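Q: I'm new to reading protein structures, and I'd like a close look at one part of this one. Could you walk me through a loop residue first, and then show me how the rest of the chain is put together around the helices?

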Amino acid sequence: MNRFNDNTSSIPVYETFKQKYSPEEKVLLAEIRENLVDLAISTGEDFQLNESRLLNDIKNFLYNRLSFESGNASGEYIDSLSRKLLQDIVGYGQIDPLIHDDDLEEIMVIGINKPVFVYHRDYGMMKTNIVFKNDEELIDLIDLMARQINRRIDQESPILDGRLMDGSRINATIPPVSADGPSLTIRKFKKDPFTIIDLINYKTISVELAAFFWLCFDGLGVKSANAIISGGTSSGKTTTLNALTSLINPKERIITIEDTLELQIPHEHVIRMETRPSNTENRGELTMNDLVKNSLRQRPDRIIVGEVRADEAITLFTALNTGHSGFGTLHSNDARETITRLTNEPMSVPEIMITAIDFIVMQNRIYRPDGVSYRRISEVAEVVGIEEGTVQLNKIFEWNPETDKIENVSIASKTLSEIAKLSGQSLNDLYKEISNRQIVLQHMLSHNIRSVNEVNRVIESYYSDPQKVLNQIILKG
């Protein structure tokens, strides 16, 4: 049970119910947890936790232990304690309620004797009533997470970066890396991912821009547009990328490449690949570049790179220049800086290759005075060519902070002109098609059709028979 408390502090408080144990019960909990971790390690990756069986094992353990030590433990007490212990053991101790709250984006443990902080989707940064009292308790939690993902964290490897079984990203540090003691940051992802309709609802993207992207990324089967989504840390790049992938034709074969699996693409024909760090013997590393190169041998229609950072950029742009389509995200503050980062070390993409990208989509996280933030696509720039060695950009959509609207500021679109030329249609035909797709998106928005499966079903139906879908929308009104 969680509740919010707006106290006099500038940071609201997130209060959570905490299990209370006697010193003797804490010893029992630690012993059971240690035995369970040892069992998981000895069993290997095939270890599967059966909660009902574990509850029965805990009851038997407590009955034998407490009957031997005190001789008067009641069945009611053992049953109650067993359920409390199970709740802690199958989860992550004090922070387990935070892990299960789908409204939290981030959980931040900054050390001992300090409150754990969270970032709430509606209330922004919050301070919890959870405090780790000693290093050992926090290190045990970090170690538990490390073992679950077959990693280790110790003096030789004091940084842990990985993905929990529920998809959450974790980053942990211990001294000497973090001078004030162990730290833990967990980036959570919604169990019900944001869709393109959610992003329209939240004003991250407009209906007009979404319909424009839908046509360009589809390309009417003759030219699928490529895009880089740029922005700062936690600006929502991956969320937007994930939502935009639903607009891809369901007939395409998609390969995703990420450091940590985050993308949840609703298509049926998707291959997900994840990089791997080297082992303790400094062997077995699989880099982003290794996976991008390998993906080219798998006949992809679309290659999606979770985050472009280094030499994989050249491999990706080589693929884009040879007929493949692709998306990627990149850390940058504006469209021109995106080009600069791509063409300089460590990416070093030749400027002549940059023209393989059609759009640079800039996304920003904007903070309100009360600390709550919101995301906006702030700019869409089209790469139109190279003049005198400089990549030329054409801004076609721009966010207006005064009206909080994304406005179409283009005179013409090179991408639309190319699609028209290759498809044999006129630009007016394409504008009509964008208008039709806008009607479909607006219909989903008006009727709260927003879940991944619902949105995917409508988009697939439109690809199959667009006129039938439009007729049904007109009949429903």
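**A loop residue and its surroundings**

A: Let's start with Ser234, which is found in the loop between strand S9 (227–231) and helix H8 (237–244). Please keep in mind that this is a predicted model. The phi angle of Ser234 is near 60 degrees, a positive value in a residue other than glycine. Is Ser234 buried or exposed? Ser234 has a relative accessible area of 14%, so it counts as buried, the cut-off for buried being under 20%.

Glu388 sits in the loop between strand S15 (373–387) and strand S16 (390–400). Glu388 also has a positive phi, near 50 degrees, and is a residue other than glycine. Its relative accessibility is 85%, so Glu388 counts as exposed.

Two other loops hold cis peptide bonds. One joins Pro175 and Pro176, with omega about 10 degrees, and Pro176 lies in the loop between strand S7 (169–173) and strand S8 (183–187). Another joins Glu345 and Pro346, with omega about 5 degrees. Pro346 has its place in the loop between helix H11 (335–343) and helix H12 (351–354).

Now step back to the whole chain. It contains 16 helices and 17 strands, and its C-alpha trace spans about 90 × 55 × 45 Å along the principal axes. Of its 477 residues, 47% count as buried. Take the contacts between residues at least 6 apart in sequence: 56% of them join residues at least 24 apart.

What lies inside? In soluble globular proteins, nonpolar side chains tend to be buried together. Here the largest nonpolar core has 54 residues, and those with the most contacts inside it are Ile205, Phe212, Phe213 and Phe359. Helix H7 (residues 207–218) gives the largest share of this core, 10 residues. Apart from this core lies another, of 30 residues, with Ile228, Val305, Met353 and Met362 among them.

Leaving aside neighbours within four places in sequence, Phe212 is in contact with Phe359, Ile396, Phe397, Ser413, Leu416 and Ile434. Two of these names come back in a helix pair: Leu416 belongs to H13 and Ile434 to H14.

How do those helices pack? Two packed helices are described by the angle between their axes and the distance between the axes. The axes of helix H13 (residues 414–423) and helix H14 (residues 427–446) come within 9 Å and cross at roughly 110 degrees. The two helices are therefore roughly perpendicular to each other, and their crossing is right-handed. In this contact, Leu416, Ser417, Ile419 and Ala420 of H13 meet Leu427, Leu430, Tyr431 and Ile434 of H14. By class, the residues of the contact are seven nonpolar, one polar and no charged.

A further pair comes later in the chain. Helix H15 (residues 452–464) and helix H16 (residues 466–476) pack at an angle of about 125 degrees, with their axes 5 Å apart. H15 and H16 are therefore oblique to each other. Ser461, Tyr462, Tyr463 and Ser464 of H15 make the contact with Pro466, Val469 and Leu470 of H16. This contact has five nonpolar, two polar and no charged residues.

Note on methods: Residues are numbered from 1 along each chain as its sequence is written. This is a predicted model: local features need pLDDT of at least 70, side-chain atom pairs count only at pLDDT 80 or more; totals for chains, interfaces and linings use all residues. Side-chain values use heavy atoms; hydrogens and water are left out. Axes are lines fitted to C-alpha atoms, for helices over the stretch in contact, and angles run from 0 to 180 degrees between N-to-C directions. Helices (H or I, at least four residues) and strands (E, at least two) are DSSP runs, numbered from the N terminus. Angles under 35 degrees count as roughly parallel, over 145 as roughly antiparallel, 65 to 115 as roughly perpendicular and the rest as oblique. A crossing is left-handed if the near helix is turned anticlockwise from the far one by less than a right angle, and right-handed if clockwise. Contact means heavy atoms within 4.5 Å. Ala, Val, Leu, Ile, Met, Phe, Trp, Tyr, Cys and Pro count as nonpolar, Asp, Glu, Lys and Arg as charged, and the others, Gly among them, as polar. A nonpolar core is a set of buried Ala, Val, Leu, Ile, Met, Phe, Trp, Tyr and Cys residues joined through side-chain atoms within 4.5 Å. Buried means under 20% relative accessible area, exposed over 50%, partly exposed in between (1.4 Å probe, protein chains only).
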